[in-house]
Amino acid sequence: MPSPKKIQRAAPEWAVPLSDLTGSMHAATPASSVHRRIAGELGSSILCGRRVVGSLLPKEMDATADFGVSRTAYREAVRMLVAKGLVESRPHLGTYVTDRRRWQILDPDVLRWAFDSGPSLSFIQELFELRGILEPHAAELAARRRTAQQLASMSDALEEMARHGLACAVGRAADERFHEELLAATGNQALMTLSASICAAIHWTTYFKYQSHEPPRDAIPDHRKLYAAIVDKDADRAARAAKDLIQLALADTRASILGDRETGARPKSRKRRPIE
């Protein structure tokens, strides 16, 4: 009996660059995504600092003219930003940008907006510090608790990463599945709830590196070392491999940012559609 074909999982909407979802400011957009487009425009401007903490968002009447949308769509966009902690509305005062401590930085949409507006080195450093706190211990637990099925899923993801490469959407999706399965292998529900945020952070840092002027180092061997340690049930080695993977990925991402700044190169994401 022939084996069933593998189903390619569609990339989540947070994994699609904002420029791919929006097009030009006034391009025709399905009604259901208009408010997401406006939320993305406003969110990016907040995260990159064009709209500073305490500043007011446009009033409804002005916003409908500026963005070319209905008041209803603008209200929905503002509600989306409120839910993510980026803004707060006060009666008779308007809607203003909140203090950064209230921003839900790990929300997948917020991560997407941050990378679309151009992440700072400090923002990148903070993301990798968080990964460095969580993932080595997750790898240690996975090495002790993983099942045969979880190993098979991680192996399939690794092979797909190697086959397609991380420069394309299919390869990056496989990378996310590898890390998602690793978190599931911990058997820790609290860690598993962070899966979407961690995978979003991995997606955007990887995507960002491959849009830089210089192609990054191949990260597949680092993932294979981590996988081999989990297969061998070597918890200490798995933790070290995860730590090394994260440190090398941070170095690559920093080099991409600094290299582009030195050469004056713009990210290729502004020039082409990266989602195949």
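**Loops, helices and cores**

Analyst: Let's start with His92, which is exposed, with a relative accessible area of 86%. Keep in mind that this is a predicted model.

User: Where does His92 lie?

Analyst: In the loop between strand S1 (87-90) and strand S2 (94-97). His92 isn't a glycine, yet its phi is positive, about 70°.

User: And Lys233, which loop is that in?

Analyst: Lys233 sits in the loop between H11 and H12. Its phi is positive too, near 60°, and again the residue is something other than glycine. Lys233 is exposed, with a relative accessible area of 52%.

User: Switching to helices. At what angle do H6 and H11 pack?

Analyst: About 40°, with the axes 8 Å apart, so H6 and H11 are oblique to each other.

User: Which residues meet there?

Analyst: From H6 you have Ala139, Ala142 and Ala143, and they meet Leu226, Ala229 and Ile230 of H11. That contact counts 6 nonpolar residues, no polar and no charged.

User: OK, H10: is it enclosed or open?

Analyst: 15 of its 16 residues are buried, so H10 is largely enclosed by the rest of the structure. H10 covers residues 195-210 and reaches 22 Å from first C-alpha to last, close to the 22 Å expected.

User: Which residues touch the most other members in the largest nonpolar core?

Analyst: Tyr74, Leu81 and Trp113, out of 39 residues in that core. Among the helices that each supply at least two residues of this core are H4 (71-83), H5 (108-116) and H10. There's also a second, separate core of 32 residues, including Leu166 and Tyr227.

Terms used. Residues are numbered from 1 along each chain as its sequence is written. This is a predicted model: local features need pLDDT of at least 70, side-chain atom pairs count only at pLDDT 80 or more; totals for chains, interfaces and linings use all residues. Side-chain values use heavy atoms; hydrogens and water are left out. Helices (H or I, at least four residues) and strands (E, at least two) are DSSP runs, numbered from the N terminus. The expected span of a helix is 1.5 Å times one less than its number of residues. Buried means under 20% relative accessible area, exposed over 50%, partly exposed in between (1.4 Å probe, protein chains only). A nonpolar core is a set of buried Ala, Val, Leu, Ile, Met, Phe, Trp, Tyr and Cys residues joined through side-chain atoms within 4.5 Å. Axes are lines fitted to C-alpha atoms, for helices over the stretch in contact, and angles run from 0 to 180 degrees between N-to-C directions. Angles under 35 degrees count as roughly parallel, over 145 as roughly antiparallel, 65 to 115 as roughly perpendicular and the rest as oblique. Contact means heavy atoms within 4.5 Å. Ala, Val, Leu, Ile, Met, Phe, Trp, Tyr, Cys and Pro count as nonpolar, Asp, Glu, Lys and Arg as charged, and the others, Gly among them, as polar.
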